[in-house]
Amino acid sequence: MHPFTYNALPARVLFGWGTSSQVAAEVKRLGCSRALVLTTPQQVDAGNKVKADLGDLAAGIYTNATMHTPMDVTQDALAKAKELQVDCCVSVGGGSTIGLGKALALHSPDDAKIKNLVIPTTYAGSEATPIIGQTENDKDGKPLKTTQKTMKVLPEVIIYDVDLTLSLPPQMTVTSGLNAVAHAVEALWAVEANPIISNLAIQGIEAISRSLPLIKADPQSRDGRSDALFGAWACGTCLGAVGMSLHHKLCHTLGGSFSMPHAETHTVILPHAVAYNAPYAQDAVARVAKAIGTDNAAQGLFDLAKENGAPTSLKELGFKKEDLEKAADIAAKAPYPNPAPLEKAKLLELLTNAFHGTRPQ
Ligand code: NAD
């Protein structure tokens, strides 16, 4: 066993079917009594159901959560929270909605922090991390996303309700699942890798790779949906516990500077990031391959996406060929820990392969 340091994050997790009906008891348990339900325009019905479950504890509902946590949406929701004198929020949705709940916690006063209960309905994993990304326009009016890590945004309670994930559309199920797998893969080769998180990473990769074909065959599959949501928790915990490297850096660059969609970009980049690091992270990559039941992790991840109907190229996501060079430049610039050395020419080759959707060698 190698030496390691492990920092555990506090977590209260309820996992099961129909668990969101326990939300009122969880709000009371936190000592709160005025909850603001957060969701997106697409999930108003799910939000209203949770509001009904809250009964007298519901102070209101805010349905305008938006991808990348734009500051103007946060200000709008904060004004509503103040008007309704809320003491906690219940986020019903994916990473965008959970991001808004985190922003309310971050921007509320320390002595009257808006506590966060989250009911995740995708597999992105934000619920298990003390990380928040926020977007504001820079002086040229271009959106600029900045990320920070602070315990203030780690949700107090996570309620995983498999029933609320049954409606996740098929393609988003695959891309969101592979977004989760990416957290676990990078945890295995992280500088802070430790046996607890690495075991969780393997469990997460196994659960999600097993679930995707089941959900493809039957989107209502109880085994598939519960494995996928368990995998999301396992992989999200990896993201919250150890540092990420090349893969997340590339996706952050593509999302932040080129407005590429979050889960889809993770899906396309992951096999190529694995191929890039494979010679320098042989143990980690061999464990990934075993977890997905193949002997080549990069090819296995590419096939998992393709066979389950997810996009495999940046081209089909609308990325422009002429931006490849600029993206490689940004990714090569700021130094960050990564198993393989970061060389611009090789990064450009990686991005070019991802652009064309070439199956890794
Ligand atoms: P999302 O939250 O933007 O959801 C995409 C769409 O799917 C939304 O319209 C949403 O309402 C809908 N949806 C979600 N669950 C559904 C369901 N079960 N049924 C039907 N529709 C559903 O997508 P996401 O990929 O979960 O989140 C992406 C955002 O989260 C990005 O901004 C990303 O940066 C952030 N994120 C942050 C962290 C972190 O640790 N801070 C981690 C992962 C992702």
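In this predicted model, 29 residues surround the ligand, and the closest of them are Gly94, Gly95, Ser96, Thr122 and Ser126; a residue counts as near the ligand if its C-beta atom, placed from the backbone, lies within 6 Å of it. By class, this shell holds nine nonpolar, 20 polar and no charged residues, where Ala, Val, Leu, Ile, Met, Phe, Trp, Tyr, Cys and Pro count as nonpolar, Asp, Glu, Lys and Arg as charged, and the others, Gly among them, as polar. Residues are numbered from 1 along each chain as its sequence is written. Local features need pLDDT of at least 70 and side-chain atom pairs count only at pLDDT 80 or more, while totals for chains, interfaces and linings use all residues.

Four elements, α4 (95-107), β6 (131-137), α5 (170-188) and α9 (262-277), each supply at least two residues of the shell, and α4 gives the most, with four residues. Helices (H or I, at least four residues) and strands (E, at least two) are DSSP runs, numbered from the N terminus.

The strand β6 also pairs with β7 (residues 143-149), to which it is joined by seven bridges in an antiparallel arrangement; two strands pair if DSSP finds at least two bridges between them. Glutamine 134 has threonine 146 in β7 as its bridge partner. Between β6 and β7, which form a hairpin, stand five residues, and glycine 141 in the turn has a positive phi of about 80°.

The domain assignment, which is automatic or taken from a database, divides the chain into domain 1 (13-165) and domain 2 (170-356). Their centres, taken over C-alpha atoms, are 26 Å apart, and the contact between them takes 17 residues from domain 1 and 22 residues from domain 2, with residues in contact if their C-beta atoms, placed from the backbone, lie within 7 Å. Because both domains give residues to the shell around the ligand, the ligand lies between them.

UniProt, in an unreviewed entry, places two domain features on the chain; its positions are given in the numbering used here, feature names are shortened, and annotations may be inferred rather than shown by experiment.

| UniProt feature | Residues | Helix and strand | End C-alpha atoms |
|---|---|---|---|
| Alcohol dehydrogenase iron-type/glycerol dehydrogenase GldA | 10-161 | 29% helix, 29% strand | 20 Å apart |
| Fe-containing alcohol dehydrogenase-like C-terminal | 173-354 | 72% helix, 0% strand | 21 Å apart |

The mean pLDDT of the protein chain is 96, and 100% of its residues reach 70 or more, pLDDT being the predictor's confidence in each residue, from 0 to 100. For the complex, the predictor gives an ipTM of 0.99 and a pTM of 0.97.

Conventions:
Contact = placed C-beta atoms within 7 Å.
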